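Subject: Structure for you to look at

Hi,

Here is the structure I said I would pass on. Have it open while you read, and I'll walk you through what turned up.

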Amino acid sequence: MSKELIEKLKIRMPSKAYEHLVNSKNLTNITNKNRLAHFLAQVAHESGNFAAVYENLRYSANGLRRTFGKYFPTMELAQAYAMQPEKIANRVYANRMGNGNEASGDGFKYRGRGYLQLTGKSNYQLFSQYIGEDCVANPDLVATKYPMDSGLWFFDRNKLWTLCDSVDISSVSAVTRRVNGGTNGLADRQAKFRMFQSILS
């Protein structure tokens, strides 16, 4: 990816996000502007235009029932956890993604961080090996030092780049399914893809 192409983003991205992109450890798989547009569309959406580097887990009881109904099958249970991010994360992320049980505190410790919301102890372990720094012992590094690198790592690990070679707007749906597990926020992701395509053209 040419320096001149990336410089086109300088006045259209928050300065800190732009610096994280420019200083990323590995941009070798971003071999064309379509890949960069797809990637930035996804990370911009997931982070609220690069503003959020920590997962927002302040859910009301109704929000918990809508979003995490599997883990909060009754309103009574949801009310007991409502607006308590640490308790919510420890329940929702317990016993999966390498995390321990609810009492271990791993769910909150390894909650979503970075522009693409890296989540789960096993992912933090794998990312630590990739980046060469212990983000298991210090998970906040993903939010403060590596918010962009963690997103790039996710695309690398999940082999998303070939999906990003397409200029067709429908390809955003395919990428979104791999990033999000569904098509949540698809219209915004598509709009951001068009915007970044235009900037990079």
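Predicted model: local features only at pLDDT ≥ 70, side-chain atom pairs only at ≥ 80, totals over all residues.

Residues are numbered from 1 along each chain as its sequence is written, and side-chain values use heavy atoms, with hydrogens and water left out.

Back to the pocket. On a 1 Å grid over the protein atoms alone, a pocket is an open set of points where a 1.4 Å probe fits, with protein on both sides within 12 Å along at least five of seven lines, and lining residues have an atom within 4 Å of a point. The largest pocket holds about 810 Å³ of space, where volume is the space filled by probe spheres set on the points, and points are joined across faces, edges and corners. There are 28 lining residues, and Glu46, Glu55, Gln117, Thr119 and Asn180 are the closest to the centre. Helices here are DSSP runs (H or I, at least four residues), numbered from the N terminus. Helix H3 (33-46), helix H10 (147-157) and helix H11 (171-180) each give the lining at least two residues.

Next, the inside. Buried means under 20% relative accessible area, exposed over 50%, and partly exposed in between (1.4 Å probe, protein chains only). A nonpolar core is a set of buried Ala, Val, Leu, Ile, Met, Phe, Trp, Tyr and Cys residues joined through side-chain atoms within 4.5 Å. The largest one has 35 residues, and Leu9, Met13, Leu40 and Phe50 have the most contacts inside it. H3 supplies the largest share of this core, seven residues. Apart from it there is another core of 13 residues, including Phe68 and Ile88.

Contact, by the way, means heavy atoms within 4.5 Å. Beyond its neighbours within four places in sequence, Leu9 touches Tyr18, Leu21, Leu36, Leu40, Phe196, Ile199 and Leu200.

Now have a look at H10. Eight of its eleven residues are buried, so H10 is largely enclosed by the rest of the structure. Trp153 and Phe155 are among those buried residues, and their cover includes H2, H3, H8, H9 and H11. Just after H10, Lys159 has a positive phi of about 50°.

Last, the salt bridges (a side-chain nitrogen of Lys or Arg within 4 Å of a carboxyl oxygen of Asp or Glu). The count comes to six. Here are three of them to find:

- Glu102 pairs with Arg91 at 3.7 Å. Glu102 sits in the loop between helix H6 (85-92) and helix H7 (106-109) and Arg91 in H6, so the pair ties together parts eleven residues apart in sequence.
- Asp140 meets Arg113 at 3.0 Å, linking parts of the chain 27 residues apart. Asp140 is partly exposed at 32%, while Arg113 is buried at 3%.
- Asp188 pairs with Lys192 at 2.9 Å. They are four residues apart in helix H12, which means about one helical turn separates them.

Cheers
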